[in-house]
Amino acid sequence: MSKVNKKIALLWVMPALMVIAGLGFWLATQVAVKTHQSASNELAVQQSQLIKKKSKVGTVLDSKQPNVSAASNLLDRLFTLDWTIASQKEFDAKAKQMTPYVTQEVVKNSLDFKADPDKMITQTGVVMTYDHMDFLPTSASATEVKGKVIVFVKSHLKDSADATTRFVYNVSYNPKTNLVTQLDRIGTYQLQSDSSVL
C-alpha cells in the first residue's frame, strides 16, 4: 500500500474511530446517570422509611410515656425561643417570651435568662438559629420528668458558613403544671473526629 493510500485510509478510519469513541462515552454516561438515579431513588425510599419509623416511635412515646413526650415538646418550644436570635433586640426580648414555660426559680437562676449588658450580639454580629435537640430522659413519673438535653444551634457571622454548637443542659419538667422546673446549662459538647477516616 502506498503512502497516499495509507493517508486516505487513515482519513476514513479516524472519523469512524471518533464516532465509536463518542458512542462509547455516551453509553458510559447513560449507565452512570441510571446508576445515580437508582441510588437516589433508593435513598429516597430509605429516607421515607426512616421518617415513618420515627413517626411510629413518636406515637409509641406519646402512648407509653405521655409525660416524657410533653416534656420533649415543651423543651423544643422553649429552646426555639432561646436559641433563635437574629439581633440584639431579639436576644434582649427572649427572656420575656420564655418566661411562660418555666418556673420563677428558673427565671432567677438559669443562665439563659441573664441579661447581656455587654451587647455581645451587637458587637459580634453573630446570628443564631435553633436546629434541633436530643432529649435524654433519665427518670419519669407523674410529678417529674428529669433528663439531659443536647441543643444543636447553628450560628454564623455575616456571610460566613454555618457552625454548629451543642449546648448541654440538665432539665426537669413538672407534668402537673406543664412548666420546666430546672434549666441548667452545664457546658458545650464537642464532637471530635479523626479526619483520616472521613
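## A salt bridge to start with

Let's begin with a charged pair: Asp92 and Lys119 form a salt bridge, with their closest N and O atoms 3.2 Å apart. (A salt bridge here is a side-chain nitrogen of Lys or Arg within 4 Å of a carboxyl oxygen of Asp or Glu.) This one links distant parts of the chain, 27 residues apart: Asp92 sits in helix H3, while Lys119 is in the loop between helix H4 (104-109) and helix H5 (120-124). Asp92 is partly exposed at 42% relative accessibility, and Lys119 is partly exposed too, at 36%. As for the wording, buried means under 20% relative accessible area, exposed means over 50%, and partly exposed is in between (1.4 Å probe, protein chains only).

Before going on, keep in mind that this is a predicted model: local features need pLDDT of at least 70, side-chain atom pairs count only at pLDDT 80 or more, and totals for chains, interfaces and linings use all residues. Residues are numbered from 1 along each chain as its sequence is written, and side-chain values use heavy atoms, with hydrogens and water left out.

## The overall layout

The chain has five helices and four strands, and along the sequence they run α-α-α-α-α-β-β-β-β. Both kinds of element are DSSP runs numbered from the N terminus, with helices (H or I) having at least four residues and strands (E) at least two.

Out of 198 residues, 23% count as buried. The chain exposes about 13,900 Å², and carbon and sulfur atoms supply 61% of that; these areas come from the Shrake-Rupley method with a 1.4 Å probe, and for residues only the protein chains shown count as cover. Looking at contacts with a separation of 6 or more, 51% are between residues 24 or more positions apart, where contact means heavy atoms within 4.5 Å.

## The other salt bridges

A search of the whole structure turns up three salt bridges. Lys94 pairs with Asp82, and their closest N and O atoms are 2.6 Å apart. Lys94 is in helix H3 (residues 88-98) and Asp82 in helix H2 (residues 66-83), so the pair ties together parts that are 12 residues apart in sequence. Lys94 is buried at 3% relative accessible area, and Asp82 is buried at 0%.

Then there's Asp112 with Arg185, whose closest N and O atoms are 3.1 Å apart. Asp112 lies in the loop between H4 and H5 and Arg185 in strand E4 (residues 179-189), so this pair ties together parts 73 residues apart in sequence. Asp112 is buried at 1% relative accessible area, whereas Arg185 is partly exposed at 25%.

## A nonpolar patch

Leu10, Val13, Met14, Leu17 and Ile20 make up a nonpolar patch on the surface, with about 470 Å² of accessible area together. Patches are built from residues with over 30% relative accessible area and no salt bridge; like charges are joined within 9 Å, and nonpolar side chains (Val, Leu, Ile, Met, Phe, Trp, Tyr) within 5 Å. Leu10 is found in helix H1 (residues 3-64).

## Two residues worth a look

Gln88 belongs to helix H3 and is buried, at 9% relative accessible area. Setting aside neighbours within four places in sequence, Gln88 is in contact with Asp116, Lys119, Met120, Ile121 and Thr122.

Asn178 lies in the loop between strand E3 (163-174) and E4, and is partly exposed at 37% relative accessible area. Though not a glycine, Asn178 has a positive phi of about 55°. Most residues other than glycine have a negative phi.
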